[in-house]
Amino acid sequence: MSNATEPSLSKVPEVTLVFWIVKIAATTLGETGGDAVSMSMNLGYALATGIFAAIFVVAVAAQIAARRFHPTLYWTTIIATTTVGTTLADFADRSLGIGYAGGSLLLLALLLASLFVWYRTLGSVAVDSVASPRSEMFYWVTIMFSQTLGTALGDWTADTAGLGYTGAAALFSGMLLLVVAGYYWTKISHTALFWAAFILTRPLGAVIGDFLDKPVTAGGLSLSRYSASAALLVFIAACILFFRHQPATRRA
């Protein structure tokens, strides 16, 4: 019989500095990659969302079916959530006419509902508890909502609020620094701080991605979405290859 306090491994990575660096790069790639397919390829938001949603479903199914943590598979699934989040948010905000504010509030409600149901069902939303198919389903649905929210929130602050891409990036960077300060110097739940940071990295990546590929007249650098996406993908691959990624440990 196994000991209840015996450590076991989850299906998600240990949260380290490298984790956050790759997460920001992945969210930035989600923005440039999503825009490349929906805008540069002229497929539109609906069709692009359908394509990325199919990739997302396949990636999540593979992640859940895996018996152990695989860094490449995990980050592929994260990238899938960021790309579908980008095109889905753009489809809701622009094609359906919900608007950035309405879309952000709706997605925030869905995100909070997902976390609430997850907690009420399994008793914890801590990432180190993600080791069963059930907890993984909650984990990936919550992440998908957070990635979609981040896109809408990034567009809202950069465009509607008039902060521009650099101003919005500074805002979200400052908010992330507050989360870091809360982690080291307060007694706020580390689980709550993790999800706060996870959510905030998405709009940060979104505005950085827009800054890279939007026209100079709109405050961007006017880089090719394809080349920006390729460079980000190479960077993420290098981080996976050259840095050690371990699964988070938990108590069974």
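**Close-up views of a predicted model**

N42 is exposed, with a relative accessible area of 65%, in a model that is predicted rather than determined by experiment.

**View A. N42 in the loop between helix 1 and helix 2**. Although N42 is not a glycine, its phi is positive, at about 60°. Most residues other than glycine have a negative phi. The relative accessible area of N42, 65%, lies over the 50% cut-off, and N42 is therefore classed as exposed.

**View B. S222 in the loop between helix 7 and helix 8**. S222, a residue other than glycine, likewise has a positive phi, with a value near 60°. The relative accessibility of S222 is 46%, and this residue therefore counts as partly exposed.

View C. T27 is buried, and its relative accessible area is 0%. When neighbours within four places in sequence are left aside, the residues in contact with T27 are T82, Q147, T201, R202, G205 and A206. The C-alpha atom of T27 is separated by 11 Å from that of V84, a residue that stands 57 residues apart from T27 along the chain.

**View D. The packing of helix 5 against helix 6**. Helix 5, spanning residues 133–160, and helix 6, spanning residues 164–185, pack at an angle of about 125°, and their axes are 8 Å apart. The two helices are therefore oblique to each other, and their crossing is right-handed. On the side of helix 5 the contact is formed by L153, G154, T157, A158 and D159, which meet G164, Y165, A168, L171 and F172 of helix 6. By residue class, the contact of helix 5 with helix 6 divides into six nonpolar residues, three polar residues and one charged residue.

**View E. The largest nonpolar core and the contacts of W195**. This core comprises 58 residues, of which Y74, I78, W118, Y139, W195, F198 and I236 touch the most other members. At least two residues of the core are supplied by each of helix 1 (17–40), helix 2 (44–65), helix 3 (71–95), helix 4 (99–122), helix 5, helix 6, helix 7 (190–213) and helix 8 (225–242). For W195, with its neighbours within four places in sequence left aside, the residues in contact are L115, W118, V125, V127, Y139, T142 and I143. Among these partners of W195 are W118 and Y139, which are also listed with W195 among the core residues that touch the most other members.

Terms used: Residues are numbered from 1 along each chain as its sequence is written. This is a predicted model: local features need pLDDT of at least 70, side-chain atom pairs count only at pLDDT 80 or more; totals for chains, interfaces and linings use all residues. Side-chain values use heavy atoms; hydrogens and water are left out. Axes are lines fitted to C-alpha atoms, for helices over the stretch in contact, and angles run from 0 to 180 degrees between N-to-C directions. Helices (H or I, at least four residues) and strands (E, at least two) are DSSP runs, numbered from the N terminus. Angles under 35 degrees count as roughly parallel, over 145 as roughly antiparallel, 65 to 115 as roughly perpendicular and the rest as oblique. A crossing is left-handed if the near helix is turned anticlockwise from the far one by less than a right angle, and right-handed if clockwise. Contact means heavy atoms within 4.5 Å. Ala, Val, Leu, Ile, Met, Phe, Trp, Tyr, Cys and Pro count as nonpolar, Asp, Glu, Lys and Arg as charged, and the others, Gly among them, as polar. A nonpolar core is a set of buried Ala, Val, Leu, Ile, Met, Phe, Trp, Tyr and Cys residues joined through side-chain atoms within 4.5 Å. Buried means under 20% relative accessible area, exposed over 50%, partly exposed in between (1.4 Å probe, protein chains only).
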